[in-house]
Structures are given as C-alpha cells and as structure tokens.
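This report describes a structural model from its fold to its cores, voids and individual residues. Please keep the sequence and the coordinates at hand while reading.

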Amino acid sequence: SWCVADQYDHAHEECGCVAQEHNWAIDCANLTSVLDAYGRMVMNNCMSSAECMGDGPCHEDYMIVVAHHDHCASHALPEVIEVGFHEFEDACGEGCEIGRQYDASLSACPTINCSVTVPLTDAIARLESSSCDTTCTGGCIADYHTLRAYHDLCHDVDGVSVIHDYEESCEDNECNTHTAAFNPNTCGEVVSSTPVTTTVVMSTSGPVDFQSESSGSKLSSGEKAGIAIGFIATALISMGIGAVVY
C-alpha cells in the first residue's frame, strides 16, 4: 500500500493514510476534488483494469472517489457519482477503507468483534437471499447494520465491499459506527474509534436482533454507465467546475 509498501493493493488501507501520502483531503463540504477525480475517471476510460490497477492517475482518482463515497452521507454526493461509481469497482478493486461520518439523526450500529466473522457471513447471506438490494425493510435493515459495522470498523475482514450492493436500497436505513464526529484525514486512528454500544443477539435462523433503545428497482449496469457518462459534464458544470483540463 502507499503508506507502507510500493504496491497498489488498498483493500485494507485507511483512506486517511492515502490522502496524507498523496496530499489531498477528504472533505464532504467541498466536493471539488471528488468531482474533478470522477470526471477524469470517465474521460480516461478508467473502467479498464489495466488503467485502474497500476501506478497511474486512474488509481489515485479512484481512491479519492472511494473515500468520499464511503465517508460522506448518502445524499452528499451528486447522483451521477453515487450511481456511476459502482461501474468502476470491477476494474479498480475495493479501494481504501474509511468509516461513514457520524450523523446525530441516526441510531447506533451493533457492536461487533472483528475477529469473529460469523455474524457478517450470516448477514450477507440473508441480504442476498432476501433481495435486500431491491427493497430494504424488516430483517434487511438489521443485517445491513451488521454489514455496515464490519465495513466501517474492521480493517482486515474480506467481503465487506459487498455493502455497495445494498447502499442504494438501504440509504434511508443507515446507522452510526462512531459516537461522535471524527476527522477522516488522520492515519491510524479513524477505524479504531470506540464503537457504539448496541448489542447483537445471534440467532441460528432469521435476522440478527438488536437490543437497544433505538433500533424500487435498481438500475442495470448499462443504465448506470449511461447515466454516469451522460450527466458527468452537467454535474461538473453545476458545481462551477467546468471542463477538466489536461
């Protein structure tokens, strides 16, 4: 990874470390950098793994987009990025890791043990079998919260990137993995923040239960790609950025 080695596998790298190393910032209130990065990804054909997985501009731009997509509130980014981002995942990989920013209006995610992944495996299986990528209600919400907790808090757990399959349908059912707002541009501190204190009750069947005081159809890949390419210029112009110059 960029922080510790001369290689480009960021599956378990903190986005804050990547941002520090390459002199850019994660800032949900200023989207100029992420809009510029996404515009370059579209224009440079970064859907090609040959372009995105090596030491080049596509990979760095992807890190910028991943960091903001995963950290900022679901409605903070323009829809063109929220929708089109996923078209680059196969070519560019999981990217760096970062938790979603604290939102006082949300309830707490469950407490999890990163060394015990059975709750995660079970939650993912139920999310898939229940078609939670289409409709996120009932048990889908509890399982999505479990997935969110592992995604945000566990650095060395594989498979958590599947959360991107459910973020659209579950965007109104998020939860907090932190107890207060935190600085996403630190390295080695973000994910280790104290987790929230909801308890997960394991069950051999059915969704995970929570013990605490609070508890449409998706677009096809082709449709998403069309939206991304067709409206990226509009998104950039609407933010006052204009065309990307090379």
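The sections below cover the basis of the model, the secondary structure, the nonpolar cores, the aromatic pairs, the voids and a few loop residues.

## Basis

This is a predicted model, in which local features need pLDDT of at least 70 and side-chain atom pairs count only at pLDDT 80 or more, while totals for chains, interfaces and linings use all residues. Residues are numbered from 1 along each chain as its sequence is written, and side-chain values use heavy atoms, with hydrogens and water left out.

## Secondary structure and burial

The protein chain holds nine helices and two strands. Helices (H or I, at least four residues) and strands (E, at least two) are DSSP runs, numbered from the N terminus. Read from the N terminus, the order of elements is α-α-α-α-α-α-α-α-β-β-α.

Of the 246 residues in the protein chain, 48% are buried. Buried stands for under 20% relative accessible area, exposed for over 50%, and partly exposed for values in between, with a 1.4 Å probe and protein chains only.

## Nonpolar cores

A nonpolar core is a set of buried Ala, Val, Leu, Ile, Met, Phe, Trp, Tyr and Cys residues joined through side-chain atoms within 4.5 Å. In soluble globular proteins, nonpolar side chains tend to be buried together. The largest core here has 30 residues, and Trp24, Tyr62, Val65, Ile81 and Phe88 touch the most other members. At least two residues of this core come from each of helix H1 (15-21), helix H2 (32-43), helix H4 (57-71), helix H5 (79-84) and helix H6 (89-92). H4 supplies the largest share, seven residues.

Beyond its neighbours within four places in sequence, Tyr62 is in contact (heavy atoms within 4.5 Å) with Met41, Cys52, Phe85, Phe88, Glu89, Cys92, Gly93, Glu94 and Gly95. Another core, of 21 residues, lies apart from the largest one, and its members include Leu127, Cys140, Tyr144 and Tyr150.

## Aromatic pairs

The structure contains two aromatic pairs. Rings of Phe, Tyr and Trp (its six-membered ring) pair if their centres lie within 6.5 Å; planes under 30 degrees apart count as stacked, over 60 as edge-to-face and the rest as tilted. Tyr38 and Phe88 are edge-to-face, at 5.7 Å centre to centre and with 80° between the planes. Tyr38 belongs to helix H2 and Phe88 to the loop between H5 and H6, so that this pair links distant parts of the chain, 50 residues apart. Both Tyr38 and Phe88 are buried.

Tyr62 and Phe85 are stacked, at 5.9 Å centre to centre and with 10° between the planes. Because Tyr62 lies in helix H4 and Phe85 in the loop between H5 and H6, the pair ties together parts that are 23 residues apart in sequence. Tyr62 counts as buried at 0% relative accessibility, and Phe85 is buried with a relative accessible area of 1%.

## Cavity and pockets

On a 1 Å grid over the protein atoms alone, a cavity is a set of points where a 1.4 Å probe fits but cannot get out, and a pocket is an open set with protein on both sides within 12 Å along at least five of seven lines; lining residues have an atom within 4 Å of a point. Grid points are joined across faces, edges and corners, and a volume is the space filled by probe spheres set on the points. The largest cavity holds about 80 Å³. Ten residues line this cavity, with Asp70, Glu94, Cys96, Glu97 and His151 nearest its centre. The cavity lining has three nonpolar, four polar and three charged residues, where Ala, Val, Leu, Ile, Met, Phe, Trp, Tyr, Cys and Pro count as nonpolar, Asp, Glu, Lys and Arg as charged, and the others, Gly among them, as polar.

The largest pocket has about 260 Å³ of space. Its lining comprises 14 residues, and Ser74, Glu82, Val83, Glu168 and Glu171 lie nearest its centre. H5 gives the most to this lining, three residues; by class the lining has three nonpolar, four polar and seven charged residues. The second largest pocket has a volume of about 210 Å³ and is lined by 16 residues, with Ala73, Ser74, Arg100, Asp103 and Leu106 nearest its centre.

## Loop residues

Most residues other than glycine have a negative phi. Asn23, in the loop between H1 and H2, has a positive phi near 60°, and Asn23 is exposed at 73% relative accessible area. Asn45, in the loop between H2 and helix H3 (49-52), has a positive phi of about 55°.

Ser130 sits in the loop between helix H7 (118-129) and helix H8 (139-153) and counts as partly exposed at 44% relative accessibility. The C-alpha atoms of Ser130 and Cys140 are separated by 7.4 Å, with the two residues ten apart along the chain.
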